[in-house]
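Me: I am new to this structure and would like to learn how to read it. Could you take me through it one feature at a time?

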Amino acid sequence: MANQTQEKMTRASRLPEKGPIGENGKEILLSLKDVDITFGKGEDAVKAVQDASFDIYKGETFSLVGESGSGKTTVGRAVIRVNPLAKGEIQYKGVRISGKIPHSLDREVIRNIQMVFQDPAASLNERATVDYIISEGLYNFHLFENEADRVQKVEHIMNEVGLLPEHLTRYPHEFSGGQRQRIGLARAMVMEPELVVADEPISALDVSIRAQVLNLMKKFQEEKDVTFLFIAHDLSIVRFISDRIGVIYKGRIVEVAEAEELFNFPLHPYTHSLISAIPIPDPQLEKNKVLYTYDPSVHDYSEDKPEFVCIGHDHYVYGNKKEIEEYKAIREKNVPVKPITIRQPGEEIPEETDEAEEQAIAQEMEMVHPSHDTGSPWYMVLAFLLPILGILAAVLFKHFRHTRNYKMCRKGAIAGFIAVGIILAVFLLLFLRVVI
């Protein structure tokens, strides 16, 4: 019966007043369940996000951190229904909002979930005035009673973000980067959303402007009870604005915990490496700091398959049974993990650090296409004309990781063999016809 009620709720055409309550007694506003996001089809398909699962509670700032290309923005764009899911589902207040949903629900989702983009210049319409940019959502959803009410709402939000009413008649190119980001924040907040997806909103700004924008976001959160999904790669900032942090590596969530919990007990090696990379203000200490480099080969998942498990203290880590037991033992000691090692003057860097760095660099190099791996169509043409040689060439290209050339030769050779087969079949039929 409970399952039927839950299924009916996830397929609702309207959003409820409140979301489901989690085990910790907090309201779950957004929930990702085993989400896969894939780009491309067939052999060219790239799985950008795999088995991503986490909850965001109402009123909190949940930060998603990881290096460039890890899938952070992809997850954010999936939340606002731009990127479709290959598997899993996204729920908002317990209602499924991923995939095909009713038009009425779609409008409610757009109204309740807004996004602040990373590039404040590219995300604003250069041909529109600031007044129209901020008012566009109000026009689309008829969120004002009359023209005077619209103007009052726009001027109020401009004042809230620290801009003046006379700025409304100007165009985006007339503003600095920090001012443009304030306009982007005003455009999102004028809709009075419940959830804001902030995709690296401060990475393109100066340090002093970053603090102003972050203070603005905290102000909106306190005054309007807004929930933030904050996407970033700078952990030094994330620590002080986040309630909880999720760490993502190559599309997979590897660790989720409260901010201080994560920084005191970074259990997954990738989280450890991210924290060790945070710059130290003291130049002498920074010079002697030993960077911890993450090496994915330390994990052996050939037999003991990994899972995303809670080890207590609302701390989730990705690992196999052996690793989870080790993580639990470290956490139960309740002694904060020291992620940064400072080398004493004259002390040599341990050799294993160099080896780990070399392995990481070699792994990254393997992911890059060699300079001669052009994937020229001529390879396909030649393989079509000479399919046997095409197959041999494909084998060689695959051996030397020339994947684009390999695919061209293989396609051409397969097409060549099919053509030869058709020609032989036609000749055979003609021969039989003549003989008979």
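Reply: Start with the surface. This is a predicted model, and the accessible surface of its protein chain comes to about 24300 Å². Carbon and sulfur atoms account for 56% of that surface.

Me: What does the C-alpha trace of the protein chain span along its principal axes?

Reply: The spans are about 90 × 65 × 60 Å. The protein chain holds 436 residues, and 43% of these are buried.

Me: How many helices and strands are in the protein chain?

Reply: There are 16 helices and 14 strands.

Me: How do I read the packing of two helices? At what angle do helix 4 and helix 6 pack?

Reply: Take the angle, then the distance between the axes, then the residues that touch. Helix 4 covers residues 130-141 and helix 6 covers residues 177-189; they pack at an angle of about 30°, and their axes are 7 Å apart. Angles under 35 degrees count as roughly parallel, so helix 4 is roughly parallel to helix 6. Their crossing is right-handed.

Me: Which residues make the contact of helix 4 with helix 6?

Reply: Helix 4 contributes Val 130, Ile 133 and Ile 134, while helix 6 contributes Ile 183, Ala 186 and Arg 187. Sorted by class, this contact has five nonpolar residues, one charged residue and no polar ones.

Me: Helix 6 also packs with helix 7. How far apart are the axes of helix 6 and helix 7?

Reply: The axes of helix 6 and helix 7 (residues 207-224) are 10 Å apart, and the packing angle is about 15°. That angle makes helix 6 roughly parallel to helix 7. The crossing of helix 6 with helix 7 is right-handed.

Me: Which residues are in the contact of helix 6 with helix 7?

Reply: On the helix 6 side they are Gly 178, Arg 182, Leu 185 and Met 189. On the helix 7 side they are Ile 209, Gln 212, Leu 216, Met 217, Phe 220 and Lys 224. The classes in this contact are six nonpolar, two polar and two charged.

Me: Now a pair further along the chain. How are helix 14 and helix 15 placed, parallel or oblique to each other?

Reply: Again, begin with the angle. Helix 14 (residues 377-385) and helix 15 (residues 387-399) pack at about 135°, with their axes 5 Å apart. The two helices are therefore oblique to each other. In the contact, Tyr 379, Ala 383, Phe 384 and Leu 385 of helix 14 meet Pro 387, Gly 390 and Phe 397 of helix 15. By class there are six nonpolar residues, one polar residue and no charged ones.

Me: How do I read a single residue? Is His 268 buried or exposed?

Reply: His 268 lies in the loop between helix 9 (259-264) and helix 10 (269-276). Its relative accessibility is 2%, and buried means under 20%, so His 268 counts as buried. Beyond its neighbours within four places in sequence, His 268 is in contact with Val 254, Glu 255, Tyr 294, His 299, Val 317, Tyr 318 and Tyr 327.

Me: What does Lys 47 touch, leaving out residues up to four places away in sequence?

Reply: Lys 47 touches Asp 36, Ile 37 and Thr 38. Its place is in strand 2 (residues 46-57), and with a relative accessible area of 45% it is partly exposed. Lys 47 and Ile 37 are ten residues apart along the chain, and their C-alpha atoms are separated by 6.0 Å.

Me: Where is His 313 found?

Reply: His 313 is in the loop between strand 12 (307-310) and strand 13 (316-319). Its phi is also positive, near 60°, in a residue other than glycine. At 45% relative accessibility, His 313 is partly exposed.

Note on methods: Residues numbered from 1 in each chain as written. Predicted model: local features only at pLDDT ≥ 70, side-chain atom pairs only at ≥ 80, totals over all residues. Heavy atoms only, no water. Axes fitted to C-alpha atoms, helices over the stretch in contact; angles between N-to-C directions. Helix = DSSP H or I, 4+ residues; strand = E, 2+ residues; numbered from the N terminus. Parallel < 35°, antiparallel > 145°, perpendicular 65-115°, else oblique. Left-handed = near helix turned anticlockwise from the far one by under 90°. Contact = heavy atoms within 4.5 Å. Nonpolar A, V, L, I, M, F, W, Y, C, P; charged D, E, K, R; others polar. Buried < 20%, exposed > 50% of the residue type's maximum accessible area, 1.4 Å probe, protein only. Areas by Shrake-Rupley, 256 points an atom, 1.4 Å probe, with all protein chains shown as cover.
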